[in-house]
Number of protein chains: 2
Amino acid sequence: MKPRALLFDAYGTLFDVHSVVPKAEFAELSKLWRQKQLEYTWLRSLMDRYVDFWDITHAALLSAAGQLQIRLTDTQRDALMQAYLAPAAFPDAKPALEALRGFAPLAILSNGSPRMLEAMIAHNAFESYFAAVISADRVKIYKPSPRVYALGPETLGIPASEILFVSSNVWDAAGAKAFGYRVCWCNRSSSPPDPPDFTPDLTVQSLEEIPALFC
Amino acid sequence: MKPRALLFDAYGTLFDVHSVVPKAEFAELSKLWRQKQLEYTWLRSLMDRYVDFWDITHAALLSAAGQLQIRLTDTQRDALMQAYLAPAAFPDAKPALEALRGFAPLAILSNGSPRMLEAMIAHNAFESYFAAVISADRVKIYKPSPRVYALGPETLGIPASEILFVSSNVWDAAGAKAFGYRVCWCNRSSSPPDPPDFTPDLTVQSLEEIPALFC
């Protein structure tokens with residue numbers, strides 16, 4: 001069945017968080033930074049101690065650098081945080097959005113703060129693709145809380161079961177599925193599902209496979 | 001001020017989860033198993049999709065083995081799960097509990113299911129130390145949800161601010177502090193606080209340091 005809208009995750013799905021730390025010597029930092037960032041969103045959500053995604057990302061950078069005993073100067077730290085406002089899009093994002101734009105309304109549902117999302121979308125000149133850019137900041141909790149996923153149907157005026165939710169983050173795809181979306185997991189790295197019993201409605205290896213499924 | 005009760009975390013604080021996978025070749029498995037176990041508790045809690053800690057631990061083992069491309073036979077998998085019922089206590093646990101038992105009521109507050117906690121405590125002959133063994137299973141959500149931490153004061157009949165909550169898991173210590181406990185972080189590995197701005201009331205490197213603080 002043709003979905004009435006497509007709702008995309010941003011970080012890790014359309015935009016490559018690891019593009020922010022391009023130097024090979026910082027690959028481990030980039031990985032741990034992302035892991036800490038996610039952990040902090042989950043822990044603070046469970047503790048009901050929301051701070052916005054910019055503050056989460058900053059604390060995660062300090063934590064990751066500390067754990068790896070990497071001494072960042074203030075200048076380096078500020079440069080990494082500024083780079084987080086302008087991550088590169090994955091190469092398959094633009095062609096997929098271009099092919100899908102006439103097919104159904106496209107939107108973003110992201111943990112990112114409104115300012116971060118705006119900057120990232122502008123940096124990649126993606127403004128014209130999206131009917132809505134929805135931030136978890138509206139409800140002051142992070143994915144996979146159902147309160148975040150509820151923002152999609154509310155904003156788009158379409159039931160979750162008729163929206164295709166697209167994410168490369170398998171835990172996000174699983175959270176969206178549990179909420180009631182139809183879910184497409186963009187599994188670029190051919191990873192096993194995690195949790196092992198998660199079964200998305202659709203699995204693709206590249207966003208560019210999505211248009212052919214419906215158009 | 002002397003605490004009116006001491007409430008201990010179990011896994012990673014009193015009992016060594018990595019003792020379950022003793023062979024050096026499985027060290028990476030043990031680490032990822034634990035990481036996935038925690039992730040699943042956080043994610044399922046946020047999704048409001050509770051399953052008990054035994055099921056969490058089993059799914060985490062499958063996920064970790066899958067990601068590391070370790071093929072476990074059914075016998076190996078069952079043996080690892082059975083071993084999870086009988087982890088070794090850390091060497092400092094018994095002397096600390098022995099020294100503290102006359103000082104104030106001692107209790108456990110753990111994510112573990114009642115069956116897992118009972119087995120683990122019996123295996124280490126720790127039954128006589130604890131006035132209460134409290135499982136998150138009562139409220140069907142995991143730490144750091146305030147609903148789990150609320151079980152301590154409820155069960156012990158003592159305000160959180162007069163209970164010393166002891167954990168080696170820094171995120172758990174931070175969650176307990178946010179809830180309102182006095183918190184002792186047992187930082188065996190001299191790690192930096194995580195999140196970086198977390199300041200426990202007390203920090204020790206061994207549980208054996210605790211009695212001298214009060215007794």
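How many salt bridges does the rule find across the interface of chain A and chain B? The count is two. The model is predicted. Chain A and chain B bury about 2,200 Å² between them, with 71% of that area on carbon and sulfur atoms.

**Interface between chain A and chain B**

- Chain A contributes 30 residues to the contact, and chain B contributes 30 residues.
- Trp42(A), Leu46(A) and Met47(A) supply 28% of the area that chain A buries against chain B, more than any other three residues.
- One of the two salt bridges joins the side chains of Lys36(A) and Asp194(B), at 2.5 Å from N to O.
- On the side of chain A that touches chain B, α1 (27-47), α2 (53-67) and α8 (170-179) each supply at least two residues.
- The largest share of that side, ten residues, comes from α1(A).
- By residue class, that side of chain A has 16 nonpolar, seven polar and seven charged residues.

**Sheet in chain A**

- Six strands form an open sheet with parallel pairing, in the order β3-β2-β1-β4-β5-β6.
- β3 (132-135) and β6 (202-204) of chain A are at the edges with a single partner strand each, so one side of each lacks a neighbour in the sheet.
- From one strand to the next, the twist averages 20°.
- Strand β5 (residues 182-186) of chain A runs parallel to β6(A) and is joined to β6(A) by three bridges.
- Cys186(A) has Val204(A) in β6(A) as its bridge partner.

**Helix on the sheet**

- α8(A) lies across β4 (163-167) and β5 of chain A, and runs at about 170° to β5(A).

Definitions and conventions:
Residues numbered from 1 in each chain as written. Chains lettered and ligands numbered in written order. Predicted model: local features only at pLDDT ≥ 70, side-chain atom pairs only at ≥ 80, totals over all residues. Heavy atoms only, no water. Contact = heavy atoms within 4.5 Å. Buried area = accessible area lost by both parts, 1.4 Å probe. Salt bridge = Lys/Arg side-chain N within 4 Å of Asp/Glu carboxyl O. Helix = DSSP H or I, 4+ residues; strand = E, 2+ residues; numbered from the N terminus. Nonpolar A, V, L, I, M, F, W, Y, C, P; charged D, E, K, R; others polar. Pairing = 2+ DSSP bridges. Axes fitted to C-alpha atoms, helices over the stretch in contact; angles between N-to-C directions.
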